[in-house]
Amino acid sequence: MKLNKNKIIALILYLLPVIFFVLFAASLLAVSCNKPEDGPNMAFAMATVTFRPQADGSYYLKLDEKTALIVTNPELQKYPFEDGKEKRAIIQLGFDPENPGTGHVDGFEDVIDVVLYDFQTLNVKSVVAYDKEQEQTYGDDPVGLYLEESTFPPTTIEDGYLCVHFAMEYSGEVTHTINAVYGTDPEDPYLIEFRHNYNGDVNRLFESDSYINFSLKDLPDTNGETVKLTLKWNSLATGKYETVQFDYKTRTDW
């Protein structure tokens, strides 16, 4: 079968995320096999983190509410992003479980020294307040969400961000629109609808995974309490609306 130019371009666009993560995983394996100088106790992992810049030009990586990571690479002692803003990222790291480090970061029980081998910043958007006049822009086209803990990275809430790992059908010819919309239910300020708009993309021959983080800074303050945040979406798998709930508490240090 002969593919036309548009189909070839679409195929390349479809394969790009797959190629990236295959190469990323391969590089992790290569690191594991080709870093004898790190010693026999060196462990390797991938994680999602927040790069948190400090006033003195240094930074740490926030892994979770209890754990901060300190990067020990000599060439990465200064914050690596010129705009000085915090970033969400997937990282590839190494650490020594028997010698986790003795550093201190205010507010964290565990501070671990790590070697940072690679990182990929993640796209971050703000959640948007519902506007009825924008309904057509939001769209309501189906997506698939990865919720399993065994999936990397899973759909979850981390460090004040709604982190969504999703699948969508597309052609590679049209840019789709993704939004996280709150305020659709006046009775539930912590209901977020994950909205997807095909934008007229009709030749959707491919399905691809994508990753996006939404800042929850603009949601109503929970005033120190933990509430249930509900995520709602039009499911690609079931053909109906699905929901999932997460524990959520407003981040205090935006």
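Strand E12 (residues 191-197) and strand E14 (residues 227-234) pair in the parallel sense over three bridges, where two strands are said to pair if DSSP finds at least two bridges between them. Strands (E, at least two residues) and helices (H or I, at least four residues) are DSSP runs, numbered from the N terminus. Within this pairing, leucine 191 stands opposite threonine 230 in E14. The structure is a predicted model, in which local features need pLDDT of at least 70 and side-chain atom pairs count only at pLDDT 80 or more, whereas totals for chains, interfaces and linings use all residues. Residues are numbered from 1 along each chain as its sequence is written, and side-chain values use heavy atoms, with hydrogens and water left out.

E12 and E14 belong to an open sheet of five strands, whose order is E7-E11-E12-E14-E15 and whose pairing is mixed. Strand E7 (128-129) and strand E15 (241-248) stand at the edges of this sheet, each with a single partner strand, so one side of each has no neighbour in the sheet. Strands of a sheet pair through backbone hydrogen bonds, in either the parallel or the antiparallel sense.

With strand E8 (residues 144-145) E10 pairs over two bridges in the antiparallel sense, and alanine 167 in E10 is the bridge partner of glycine 144. E9 and E10 are likewise antiparallel, over three bridges, with threonine 156 opposite cysteine 163. To E13 the strand E10 is joined by 10 bridges, again in the antiparallel sense, and here cysteine 163 stands opposite asparagine 213. Nine of the 10 residues of E10 are buried, so this strand is largely enclosed by the rest of the structure; buried means under 20% relative accessible area, exposed over 50%, and partly exposed in between (1.4 Å probe, protein chains only).

E9 and E10 form a hairpin with two residues between them, and aspartate 159 in the turn has a positive phi of about 50°. Aspartate 159 is buried, with a relative accessible area of 7%. Asparagine 199, in the loop between E12 and E13, also has a positive phi, of about 55°, although it is not a glycine; at 35% relative accessibility, asparagine 199 counts as partly exposed. The peptide bond from phenylalanine 152 to proline 153 is cis, with omega near -15°, and proline 153 is placed in the loop between E8 and E9. Most residues other than glycine have a negative phi, and most peptide bonds are trans.

A search of the whole structure finds one cavity of 30 Å³ or more, and the volume of the largest cavity is about 80 Å³. On a 1 Å grid over the protein atoms alone, a cavity is a set of points where a 1.4 Å probe fits but cannot get out, and lining residues have an atom within 4 Å of a point. Grid points are joined across faces, edges and corners, and a volume is the space filled by probe spheres set on the points. The lining of the largest cavity consists of 13 residues, of which Thr48, Pro153, Pro154, Cys163 and Asn213 lie nearest its centre. By type, the lining residues divide into seven nonpolar, four polar and two charged, where Ala, Val, Leu, Ile, Met, Phe, Trp, Tyr, Cys and Pro count as nonpolar, Asp, Glu, Lys and Arg as charged, and the others, Gly among them, as polar.

The largest nonpolar core has 25 residues, and those with the most contacts inside it are Leu162, Phe166, Ile192, Phe194, Phe214, Leu216 and Leu219. E10, strand E11 (177-182), E12, E13, E14 and E15 each supply at least two residues of this core. Such a core is a set of buried Ala, Val, Leu, Ile, Met, Phe, Trp, Tyr and Cys residues joined through side-chain atoms within 4.5 Å. A second, separate core of 15 residues includes Val49, Phe51, Tyr79 and Ile91.

Strand E4 (residues 87-95) has seven of its nine residues buried, so E4 is largely enclosed by the rest of the structure. Strand E1 (residues 43-53) pairs with E4 in the antiparallel sense over nine bridges, and arginine 88 in E4 is the bridge partner of threonine 50. Six bridges join E4 to strand E5 (residues 110-121), and these two strands also run antiparallel, with phenylalanine 119 in E5 as the bridge partner of isoleucine 91.

Conventions: 1 Å grid on protein atoms, 1.4 Å probe; cavity = no way out; pocket = protein on both sides within 12 Å on 5 of 7 lines; lining within 4 Å.
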